[in-house]
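The topics are set out in turn below.

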Amino acid sequence: MLHWRDILTYARYSNPEPPMRVVLTEAEWQARLPPAQYRVLRQQHTEPPYRNAFCRSYEPGVYACAGCGSLLFDSATKYHAISGWPSFTQPLAKNALGYYFDDSHRMQRVEVRCNVCGGHLGHVFPDGPAPSGVRYCLNSASLRWLAPGAGA
Ligand SMILES: [Zn+2]
């Protein structure tokens with residue numbers, strides 16, 4: 001299980017090695033992704049709170065990266081954080097995500113990206129519920145929900 005100290009260590013030193021890498025040019029991403037997905041995944045756009053697909057959705061299944069299809073989160077770790085964005089306490093695998101310090105918007109935050117394609121997903125905060133104590137706060141547009149059994 002990843003805790004805040006693990007995430008800070010990744011952001012400070014080096015992220016875990018992903019199972020594979022998907023590398024496309026920005027032109028290729030733009031051609032491949034619908035505009036809403038492109039804005040979030042490749043331009044670090046944040047979608048409005050409460051007006052996004054998975055904010056209030058608690059269907060069982062897994063969530064994959066909308067950019068490359070890598071499996072990122074299980075619905076069992078999704079919880080109601082009252083933030084207006086889909087929130088999770090833990091990724092499916094330790095090497096599924098990459099962590100990067102983000103000082104934009106006059107805030108000190110840790111950005112979360114898909115570790116396979118580098119797509120921007122959202123941010124992670126140290127105010128989640130026990131036992132991990134972390135809250136992954138993500139954009140719905142960066143995720144694709146897969147019903148149980150429909151995954152890889
Ligand atoms: Zn990805």
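**Contacts and overall form**

In this predicted model, residues 24 or more positions apart make up 60% of the contacts that have a separation of 6 or more. The protein contains three helices and nine strands. Their order along the sequence is α-α-α-β-β-β-β-β-β-β-β-β. With a radius of gyration of 14 Å, close to the 15 Å that the globule rule gives for 152 residues, the protein is as compact as a globular protein of that length.

Dimensions and burial
- Taken along the principal axes, the box filled by the C-alpha atoms is roughly 40 × 35 × 30 Å.
- Buried residues come to 36% of the 152 in the protein.

The open sheet
- Three strands, in the order E2-E1-E9, form an open sheet with antiparallel pairing.
- Strand E2 (71-74) and strand E9 (143-146) are at the edges and have a single partner strand each, so one side of each is left without a neighbour in the sheet.
- From one strand to the next, the twist averages 30 degrees.
- Strand E1 (residues 62-65) runs antiparallel to E2 and is joined to it by three bridges.
- Within this pair, Ala64 stands opposite Leu71 of E2.

The E5-E6 hairpin
- Strand E5 (residues 97-102) and strand E6 (residues 109-114) run antiparallel and are joined by six bridges.
- Tyr99 is opposite Val112, which lies in E6.
- Six residues lie between E5 and E6 in this hairpin, and His105 in the turn has a positive phi of about 55 degrees.

Terms used:
Residues are numbered from 1 along each chain as its sequence is written. This is a predicted model: local features need pLDDT of at least 70, side-chain atom pairs count only at pLDDT 80 or more; totals for chains, interfaces and linings use all residues. Helices (H or I, at least four residues) and strands (E, at least two) are DSSP runs, numbered from the N terminus. The radius of gyration is taken over C-alpha atoms; the globule rule is 2.2 Å times the number of residues to the power 0.38. A residue is buried if 20 or more other C-beta atoms lie within 10 Å of its own, exposed if 12 or fewer, and partly exposed in between; C-beta atoms are placed from the backbone. Two residues are in contact if their C-beta atoms, placed from the backbone, lie within 7 Å. Two strands pair if DSSP finds at least two bridges between them. Axes are lines fitted to C-alpha atoms, for helices over the stretch in contact, and angles run from 0 to 180 degrees between N-to-C directions.
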